[in-house]
Amino acid sequence: MGTDSSDLFGSLLKAPALTRVVPVLVPLPVPVPYSYAVPEGMHVEPGSVVQVPVGPRQVIGVVWDGDDEKSAAGVDPKKLRPITLVFDCPPLSKEMRDFVEWVASYTLSPPGLVARMAIRAPAALDPEPMVEGLRYLGGQPDRMTPARAKVLDRVGEEDVPWTRSGLAHAAGVSLSVIDGLIGQGIFDTVFLPPPPVVALPDPDYVAPRIEGPQKEATEEILGSIRAGGFSASLIDGVTGSGKTEVYFEAIAETLRRGKQVLILLPEIALTASFLDRFHDRFGSKPGEWHSDLSPRIREKVWRGVVTGEVKVVAGARSALFLPFEDLGLIIVDEEHDPAYKQEDRVFYNARDMAVVRARIGDFPIVLVSATPSVESQVNGLAGRYTTVHMPTRFGDAALPDLHLVDMRRHPPQRGGFLSPILLRGMARTLEKKEQSLLFLNRRGYAPLTLCRVCGHRFQCPQCSSWLVEHRFKSQIQCHQCGYNEPTPEACPECGTLDHLVPCGPGVERIAEEVEKHFPDARTMVLSSDLLGGMKRVRLELEAIAKGDVDIVIGTQLVAKGHNFPLMTLVGIVDADLGLSNGDPRAAERTFQLLSQVTGRAGRTGLKSHGLIQTFQPLHPVMQAIVSGDATAFYDREISEREKALLPPFGRLASLIVSAETRVDAEGHARGLRAAAPHVSGISVLGPAEAPLALVRGRHRFRLLVHGRRNSDMQGFLRTMIANGPKARGSVQIQLDVDPQSFL
Ligand code: ADP
Ligand code: ZN
């Protein structure tokens, strides 16, 4: 209550006990928090995780900042619904709340949907049940048997609490032996707190492995960490230069300071080898965070992160929203990777938002890549990031020798896609009992099927995309929406039997060609649609690393981070594939992907090669790849972006308006366009039908907003949406600030 007399008067008129009112962010697409009454005796503060009613449902929300009086303005607190309960967990810190606000306002997303990414399901908030354990009371059993002796020996070795089954397993005896000892009073049962989800990492578990150029890089990074406060560093080092070892030292230093660490990785589900490597250095695995984990494990990790028990998390982009108790360092490995961009509900780039999180939390961040994004390169050049270069591979591993194969001069056999040069290279690699990798970023057998008689093309009934033939599954599939049907034998248009022809290659078709040329080789196709899912992919990756396969045909799944010691030839089946899709980042992306894939070869001392099939051997990307002159490529790319005022020299936002009818989508998009304010330095392109004009039966129109670097893009977009037509019926708007996709 204030001291001012009108306030006093006011409260005299109201009920004697003043109901406290607080704003609560609810997980709904609404722009502001809702107000709730705090029942008497309940303690909440900003950040408290609570359950509140919304309509007939109960949802999980977060008590937000903002003063109580204001949130109650004009509302009779007695009419407000009360908070149902407060969960027993630490409130979201001020730092986290600021981060949520920042992301919401930058991406123009409802703050409640951003906050939702930071909190877990209620089960995670209940205390975990105690587990039944054994307490060793000492003494000897009446009768000693060999099995009983084994148990007592094992207990003597380690003074840790055992569970019944854990001890039986460790001692190699049956449960009845343990129960016998309990009966004899050698053990009694006690309830123990549940074991942590991961053990504590030890920064000094083994001596650091740092040599040559790694030393300087490590000193530089450790310098920033020791200086304290926010700093952003970029480790720009070729594949195999030892970047991981360098950032492990940054992690060790942060752990010594008692703080937590977050490692972001683009394909965490496939990084079993990374976890092992971490274990070798720190004596325990990091907590994992990605969608492939069981809900139970996710809850445990979440809880450990909140309480500070889990010191290191290795996770996919969503790990960025974990409410760490005391985060002190973020590593973003493969920082250029498009997988950091989420294009669903809240559209955000985890790499960029990680830098924001570090700035708000006032701690260091380290970005890592063999092919940094143009954005990060420019930040380095401008002095916003400290760049550390590591231009050579560690030890005696050399980068592969790269050659272009001009497909106009060395065409494949009729009906094939592999040039004689590549086939010869594969034959030689086989003779040496080494491995080849053929890379083609296209799943399935053929990207398009048509009828030779009438020209009919198989298209998805709900999307504007061709159906892709998958021979292993005998299906044609839509890669947009997952629609599929059995591969037809007759043309649905003209009815002719057996005249359907596949056009163009996918990995399955390349595998067929390989099997024809090398019938005795052990061949494997690796792509994300393997039967058996990610688990199968992980097993296959292990098999490759062990040398159980001679020729691997893979999509971009094989491009990332794996270490295949015997791989000495990489063939790029179609290097031009990503160049012509109207994406302003196409050249950069192609350069990154090709560098990454060819970087799979020659990880050990063996001599290695890369053969790059292209119809455009003079294209700057191809020239940059073979010359190894990344700097020249980036310089050129940067100056072109600067001229065109493209990111990071200008800003882009994309709006996709979709609706069940084309007319509704187009009409709404035009309405938005008309509502755009007139601001110098910002212009709107479109609306135009999106390249993917139809997805899941929804028609799509696209507006692209372009602004100068310092323009207030968010303000512009807010005004445009506020002044534009209200989205009615089936109309939906997707807002993407800093878009990566232009489809
Ligand atoms: P990057 O992360 O740059 O691709 P890695 O850190 O994976 O490179 O290192 C490449 C290889 O060299 C790995 O097999 C790693 O174990 C090895 N390595 C790196 N640094 C050292 C070192 N100082 N001592 C021994 N082996 C090292
Ligand atoms: Zn479809």
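## Val38 and strand β2

Val38 belongs to strand β2, which covers residues 34–38; helices (H or I, at least four residues) and strands (E, at least two) are DSSP runs, numbered from the N terminus. The structure is a predicted model, in which local features need pLDDT of at least 70 and side-chain atom pairs count only at pLDDT 80 or more, while totals for chains, interfaces and linings use all residues. Residues are numbered from 1 along each chain as its sequence is written, chains are lettered from A and ligands numbered from 1 in the order in which they are written, and side-chain values use heavy atoms, with hydrogens and water left out.

Val38 counts as buried because its relative accessibility is 9%; buried means under 20% relative accessible area, exposed means over 50%, and partly exposed lies in between (1.4 Å probe, protein chains only). Between Val38 and Lys607 there are 569 residues of separation in sequence, and their C-alpha atoms are 70 Å apart in space.

## The surroundings of ligand 1

Ligand 1 is surrounded by 16 residues, where a residue is counted if one of its heavy atoms lies within 4 Å of the molecule. The closest of them are Gln214, Gly240, Lys243, Thr244 and Arg277. By residue class, the shell around ligand 1 consists of three nonpolar, seven polar and six charged residues. In this scheme Ala, Val, Leu, Ile, Met, Phe, Trp, Tyr, Cys and Pro count as nonpolar, Asp, Glu, Lys and Arg as charged, and the others, Gly among them, as polar. Helix α9, residues 243–256, contributes the most to this shell, with three residues.

Which atom of Gln214 lies 2.8 Å from a nitrogen atom of ligand 1? It is a polar side-chain atom of Gln214. For Gly240, a backbone N or O atom is found 2.8 Å from an oxygen atom of ligand 1. Lys243 places a polar side-chain atom 2.8 Å from an oxygen atom of ligand 1. The protein covers 80% of the 550 Å² of accessible area that ligand 1 has on its own, with areas taken from the Shrake-Rupley method using a 1.4 Å probe; for residues, only the protein chains shown count as cover.

## The zinc site

Which residues are the protein donors of the zinc ion, ligand 2? They are Cys460, Cys463, Cys478 and Cys481, each through its SG atom, at 2.3 to 2.4 Å from the ion. Donors are N, O and S atoms within 2.8 Å of the metal (3.2 Å for Na, K and Ca); water is not among the atoms, so sites may look incomplete. Along the sequence, the donor residues follow the spacing C-x2-C-x14-C-x2-C. Both Cys460 and Cys463 are buried.

## Cis peptide bonds and positive phi angles

The peptide bond from Pro647 to Pro648 is cis, and its omega is near 5 degrees. Pro648 is located in the loop between α19 (630–644) and β28 (650–659). Gly686 and Pro687 are also joined by a cis peptide bond, with omega about 10 degrees. Pro687 is part of strand β29, residues 682–695.

Arg345 is not a glycine, yet its phi is positive, at about 55 degrees. Arg345 sits in the loop between β13 (341–342) and β14 (348–349), and Arg345 counts as exposed because its relative accessible area is 59%. Asp738, likewise not a glycine, has a positive phi of about 55 degrees. Asp738 is placed in the segment after β31 (732–737). With a relative accessible area of 21%, Asp738 is therefore partly exposed.

## Further buried residues

Lys341 and Leu611 stand 270 residues apart in sequence, and 30 Å separate their C-alpha atoms in space.

Ile178 is a residue of helix α7, which spans residues 175–183. Its relative accessibility is 0%, so Ile178 counts as buried. Ile178 and Ala147 are 31 residues apart along the chain, with 9.3 Å between their C-alpha atoms. Thr568 lies in strand β26, residues 567–572, and is buried because its relative accessible area is 2%. From Thr568 to Arg345 the separation is 223 residues in sequence and 42 Å in space, C-alpha to C-alpha.

Key: Polar contact = N/O pair within 3.5 Å; in protein donor to acceptor, adjacent residues only side chain to side chain.
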